[in-house]
Amino acid sequence: MTESAGPLRVMEETPAYWRIIFDYPPFNVADGTMFQALQDLLARINVDPSLRVVVFESANHDFYLSHFDLTGKLGNVMTAVGPSGLPVLGDTFVRITRSPVVSIAKIRGCVRGACSEFVLACDMRFASRENTRLGQPEVGVGLHPGGGGNGTSPTFGGSRSRAGNHSRANDFDGETAERYGYVNRALPDTELDVFVDTLARRIASFDRRALSAAKTLVNNVSLPSADRLLEALNSFRPR
């Protein structure tokens, strides 16, 4: 079954496995409309007792999620408080990490800024080796990552020095992203869909309570505190 929800399409492959497709022409920009759709989606995901795993992907193979909108179309993303107690920007990412459902980002195309922070919030990331550009460009325009990018990247990159590569404000291709731990694996583009689908169907066969418990244990030792996330959000202000 396929359902449309604004910039997202939900394809229920099975009751336990959904594909979430970003389809927000022309560039899949993360604006107020996109964040509201994600908030609505998370409300659905977290109360469905059958769901085990979701895969986030893009209908546009050039832009997975392109960048955070800074043109005045953010709505209340920076001001309204979500269920986690954080502003909607950070709340969306925190709720993905805390969800009992496993989240997988299947990446093709550009993913920058807050959109990079979205994929870092997912439990796993698999990327096209030939068609991936990941980056946190904020410092290059006088900002810094405000949605947890600096707080989570040391964990995934394996070291503080590798996380410091965000200070270069450049992009990582799929192969380099894999080497630095930015993604779990970079695969040939022709193999990406089958690999992720096979993995998701395997996870969908597992017990939901066991999956949720495993996520919680990992989160407890790997994620920044809510106070640190709020500090980053409060200091993130476009000039």
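Trainee: Which residues point one way from S4, and which the other way?

Mentor: Val53, Val55 and Glu57 point one way from S4, while Val54, Phe56 and Ser58 point the other way. In a regular strand the side chains alternate between the two faces of the sheet.

Trainee: Are those residues buried or exposed?

Mentor: All are buried. Buried means under 20% relative accessible area, exposed over 50% and partly exposed in between, with a 1.4 Å probe and protein chains only. S4 covers residues 53-58, and six of its six residues are buried. Strands (E, at least two residues) and helices (H or I, at least four) are DSSP runs, numbered from the N terminus.

Trainee: Before we go on, what sort of model is it?

Mentor: This is a predicted model, where local features need pLDDT of at least 70 and side-chain atom pairs count only at pLDDT 80 or more, but totals for chains, interfaces and linings use all residues. Residues are numbered from 1 along each chain as its sequence is written, and side-chain values use heavy atoms, with hydrogens and water left out.

Trainee: Back to S4. In what sense does S3 pair with S4?

Mentor: Strand S3 (residues 17-22) and S4 pair in the parallel sense, over six bridges. Two strands pair if DSSP finds at least two bridges between them. Arg19 stands opposite Val55 in S4.

Trainee: And S6, how many bridges with S4?

Mentor: Four, again in the parallel sense; strand S6 is residues 102-112. Val55 has Ile104 as its bridge partner in S6.

Trainee: What do S3, H1 and S4 make?

Mentor: A right-handed β-α-β unit, with helix H1 at residues 32-47. Right-handed means that, with the strands pointing away from the viewer, the path from the first strand over the helix to the second runs clockwise.

Trainee: Where is Pro26?

Mentor: Pro26 is in the loop between S3 and H1. The peptide bond from Pro25 to Pro26 is cis, with omega near 5°. Asn28 is also placed in the loop between S3 and H1, and its phi is near 55°, a positive value in a residue other than glycine. Asn28 counts as buried because its relative accessibility is 2%.

Trainee: New topic. How many aromatic pairs?

Mentor: A search of the whole structure finds 10. Rings of Phe, Tyr and Trp (its six-membered ring) pair if their centres lie within 6.5 Å; planes under 30 degrees apart are stacked, over 60 edge-to-face, the rest tilted. Phe22 and Phe118 are an edge-to-face pair, 5.6 Å centre to centre with 75° between the planes. Phe22 lies in S3 and Phe118 in helix H3 (residues 114-121), so the pair ties together parts 96 residues apart in sequence.
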